[in-house]
Every structure is written in structure tokens, then in C-alpha cells.
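Q: I would like a close look at one part of the model shown here, followed by an account of how other parts are arranged.
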Amino acid sequence: EMAAVPLGFNIDAPRWDQSTFVGRLKHFLNITDPRTVLVPEEELDRAKALVEGCRAGLVPPGSSQEQLLYAKKLYDSAFHPDSGEKMNLIGRMSFQVPGGMALTGCMLQFYRTVPAVVFWQWVNQSFNAIVNYTNRNAASPISLRQIGVAYVTATGTALATAVGLNLYTKRAPPLLARWVPFAAVAAANCVNIPMMRQQEIINGVTVTDDDNNELGRSRRAAAKGIAQVVVSRITMAAPGMIILPIIMERLEKFPFMQRIRVLHGPLQVLLCGGFLLFMVPAACALFPQRCSLALADLEPELRDSIVAKHEDKVPYVYFNKGL
């Protein structure tokens, strides 16, 4: 026996105003919560069933609004917004804090020797490739060959940047050498994300009107969405990878820190976690996930076909930019 959904409750309506940064920050603090990584698979499947039932207007009797909102939080954290498929654990944004803190901490700690730089940049780019593939706009399928090319080019860019800068900074102040991992990560993001999502740039992404009615596919919309994601990802990494080396540089001058060298790595990992706890949701919140593009900025042929059908009723088109 099922009950009707509470009157006036729409499970897909954002709880916070998505047109403001603070509203988006609250939304992403909710869905990138690293504790959701520990939720068992069965509970995630139950949350999905509850959300889908709620969309159909039916929920188990006695379901409170709080239970429905918690189910939506789990659903948003683990299932893809386009396809509704369960995302792999490593690629979820809620895994960015534990995964990112371990990798960033290790990259910042082991930056002195070329083999260590090569190993940790390769591990980091493998992690990034999984995240970028998982959070793409799923309406644009990508072949295994394209994934392979994207992965190899991004990893190559990161390694070339890291190893090249590492050799260059041998004569530079020690702090500059500590910033090499960030330069490599930023350069690789500029390659990894567009390559992993090249289908969107080649074929365009589906754009809709305000009421989610499909209007066509736009390559310019894809380019705007991907550019915003690149900026978000670099912003996500920046504070930890720029400020943390300065903190460690100061700390390592203290005698007690020179005695406990074995703890430098774990300390960097923990401090990275502190930065990422705030930076993952803040970077995701920089731009609305439902991205908009003015009709005037679309490709001429798509713009003309929209104007022919809808005249001037569609000033903006909307699309999912991915994360």
C-alpha cells in the first residue's frame, strides 16, 4: 500500500536557490558529503526507489519530508543526473575529499625525485580520468579509444609539466619546487577534461528551454560547460596546493618537526583534507550546474531553427555542464 506525496512537495526542486553562490554551496555541501561514501549499496538502491516513487507521486505510508530529502541527498551523491545510473565509487564527487586528500598530500610530500613525481602524477591523472568520465554529460557517449587517448594525453601533459618544472626549479628557492605539483595538476586539467569529454565538443550537448523541452544540440554550449568545469577543478586544488606548501615550509623549520620526519606525509594528507572539505563544494558551486547560454550566442543554424519554431519566446537555452 502506497501513500500520496505530501502536498506541494517536489523532490526535484532544489532546496536552496541555485541562482546564488551561497545556495549552490549549501547544495554541494549536501551532496559532496564524504560520509555518503560509506553508505551501503542496498541503502543507495532504496533511496533511488524512494526518489523515483516520489516522482511518480507515491511513497511508503508515513514517509516524512526529512526522509525524502535524505533519500534525495543519497540519490544525488551516487546516481548520475542525466542517466540515473549508479556512478562508480571513485568517480563520485563525495569521494573527492578522501581520494583527493590522499593523492594531493602524497604529491606535495614526494615532489623531490623524478621517479616519485612520475608515479604520483600518474596515479593522480588516473584518478582524474575516472572522475571526469564519471561526471561527464552522459547524453554524449564516448568510445574506449577516445578514453584511452584522453588518458594518455592528460597523463603525458602532467608528467611533462611536472618533470620539466622539477628540473627547472632545482636552482630556484625551495618553495617554488613545492608549487610544481600544482602547476602540473592545473596543466593536466586543461587537457584531461576537454579530452575526456570531446564527444560533447564534437557533437554538441542537448540544450532545452526553461521547461526542459529539447531544442537541439550545441557545440558552443558544450565548450562553455567544459571551460567552467576546468576552472572549477583548478580552483578546487588551488588553495591546498598553493597555501599548504607555505605552511609546511614554515613548520619544517621547527626542531620538533625535524625530529618527526616520518609524520610529515600523514600531516600533509590531513591538512589537504581540511582544505578539500570546503573547496570541493565551493569549487562545484562557482557556476550553476544547470548552465545557461543566451540565444544570441548559439550556432547560427541552431539559433535560426529555434527562432523559426518559438519566435522570441526562448531568450536562453539550458544544459547540464557536468561537474
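How far apart do the end C-alpha atoms of residues 226–247 lie, and what percentages of the span are helix and strand?

A: The end C-alpha atoms of residues 226–247 lie 32 Å apart, and the span is 100% helix and 0% strand. This is a predicted model, in which local features need pLDDT of at least 70 and side-chain atom pairs count only at pLDDT 80 or more, while totals for chains, interfaces and linings use all residues. Residues are numbered from 1 along each chain as its sequence is written, and side-chain values use heavy atoms, with hydrogens and water left out.

The span is one of those to which an unreviewed UniProt entry assigns the feature "transmembrane region"; the record lists residues 148–168, 226–247 and 267–287. UniProt positions follow the numbering used here, feature names are shortened, and annotations may be inferred rather than shown by experiment. For residues 148–168, the end C-alpha atoms are 30 Å apart, and this span is likewise 100% helix and 0% strand. Helices (H or I, at least four residues) and strands (E, at least two) are DSSP runs, numbered from the N terminus.

T155 belongs to helix α6, residues 144–168. With a relative accessible area of 8%, T155 is buried; buried means under 20% relative accessible area, exposed over 50%, and partly exposed in between, for a 1.4 Å probe and protein chains only. Leaving aside residues up to four places away in sequence, T155 touches W122 and Q125, where contact means heavy atoms within 4.5 Å.

Helix packing can be considered next. Two packed helices are described by the angle between their axes and the distance between the axes. Axes are lines fitted to C-alpha atoms, for helices over the stretch in contact, and angles run from 0 to 180 degrees between N-to-C directions.

Helix α4 (residues 96–109) packs against helix α5 (residues 114–134) at an angle of about 160°, their axes being 9 Å apart. α4 is therefore roughly antiparallel to α5; angles under 35 degrees count as roughly parallel, over 145 as roughly antiparallel, 65 to 115 as roughly perpendicular and the rest as oblique. The crossing of α4 past α5 is left-handed, a term used if the near helix is turned anticlockwise from the far one by less than a right angle, with right-handed used if clockwise. On the α4 side the contact involves Q96, G99, G100, L103, C106 and M107, which meet W120, Q121, V123, N124, F127 and V131 of α5. By class, this contact of α4 with α5 holds seven nonpolar, five polar and no charged residues. Here Ala, Val, Leu, Ile, Met, Phe, Trp, Tyr, Cys and Pro count as nonpolar, Asp, Glu, Lys and Arg as charged, and the others, Gly among them, as polar. V114 also lies in α5; its relative accessible area of 31% makes it partly exposed. The C-alpha atom of V114 is 22 Å from that of A237, which is 123 residues away along the chain.

α4 also packs against helix α12 (residues 264–284), at an angle of about 135° and with the axes 7 Å apart. α4 is therefore oblique to α12, and the crossing is right-handed. Residues of α4 in this contact include Q96, V97, G100 and M101, and those of α12 include H264, G265, Q268 and V269. The contact of α4 with α12 divides into eleven nonpolar, nine polar and no charged residues.

The axes of helix α2 (residues 41–55) and helix α3 (residues 65–78) come within 8 Å and cross at roughly 115°, so α2 is roughly perpendicular to α3. α2 passes α3 in a left-handed crossing. Among the residues in contact are E43, L44 and K48 of α2 and Q67, L68 and K72 of α3.

S292 sits in strand β5, residues 290–294, and is partly exposed at 27% relative accessibility. Apart from residues up to four places away in sequence, S292 touches K224, Y316, V317, Y318 and F319. N320 lies in strand β6, residues 316–320, and counts as buried at 14% relative accessibility. N212 occupies the loop between β3 (205–208) and β4 (214–218) and is exposed, at 53% relative accessible area. Most residues other than glycine have a negative phi; the phi of N212 is positive, near 70°.
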